[in-house]
Amino acid sequence: MTPRRLFAVIPAAGHSRRMGTHKLLLSLGKETVIQRLIRGLGISRICRIIIVARRADQSFAAHLAGEDVELVQPEVDPPDMKASVQAALRWIEAHYHPTEEDSWLLIPADHPVLKPDLIERLCEVWSQSAARIMIPTFEGQKGHPAFFRWSVAKEVFQLGAEQGINALWKEGTASPMLWECEDPEILIDLDTPTDLEAVRQRFAPDFE
């Protein structure tokens, strides 16, 4: 029997306007933000990591050249996260021909403090679940990554122009399984220089 596959989808086509510079290339110790995230996802349960970036973002593409990821740079830059996710799902469909037994997780590119052991635990919970969508929570707040059965992919393409991915459960028929965990890292992202400095101070020992 072919093992169930889990694909990681990372939207990375934003412009980092609030940060004022390419936030995914900022350093956290000896690695960059995007490298930290890739390391966190580097577990055997995840078969491939798919990153979606802007067509002209060649510095980012060069930075990822040595990483075990697949970089998708659509002809037309994705205008939002939903479009980036759709580009990744098309890539997976074309190259891996997923079945209903497969699934995917969604994690924005600016979540650099997720560790492999946390991802491993989330994947284990997901593997034991019959839910179509699973979202981790910390003290009642939804975080990342979110997990989806492959069947949900077609619903992503049915979302309206003004609907984001969260419309799948806010306005659609999918009722996600919420899994409460003890890891605040699922809530931590980087939008501003203040966010970056807070992460550098709080997680300094991890970056040495």
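Reader: Hi! Which residues does D183 touch, not counting residues up to four places away in sequence?

Author: D183 touches L118, R121 and F138, where contact means heavy atoms within 4.5 Å. This is a predicted model, in which local features need pLDDT of at least 70, side-chain atom pairs count only at pLDDT 80 or more, and totals for chains, interfaces and linings use all residues. Residues are numbered from 1 along each chain as its sequence is written, and side-chain values use heavy atoms, with hydrogens and water left out.

Reader: Thanks! Where is D183 placed?

Author: You'll find D183 in the loop between β10 (177-180) and α7 (193-202). Helices (H or I, at least four residues) and strands (E, at least two) are DSSP runs, numbered from the N terminus.

Reader: And is D183 buried or exposed?

Author: D183 counts as buried because its relative accessibility is 13%. Buried means under 20% relative accessible area, exposed over 50%, and partly exposed in between (1.4 Å probe, protein chains only).

Reader: What does the side chain of D183 make with the side chain of R121?

Author: The two side chains make a polar contact at 3.0 Å. A polar contact is a pair of N or O atoms within 3.5 Å; within protein, one must be able to donate a hydrogen and the other to accept it, and residues adjacent in sequence count only if both atoms are side-chain atoms.

Reader: New topic: how many salt bridges does the structure hold?

Author: There are 17 salt bridges in the structure. Each is a side-chain nitrogen of Lys or Arg within 4 Å of a carboxyl oxygen of Asp or Glu.

Reader: Which residue does R48 form a salt bridge with?

Author: R48 pairs with E70, their closest N and O atoms being 2.7 Å apart. Since R48 is in strand β4 and E70 in strand β5 (residues 70-72), the pair ties together parts 22 residues apart in sequence. R48 is buried, with a relative accessible area of 18%, and E70 counts as buried at 12%.
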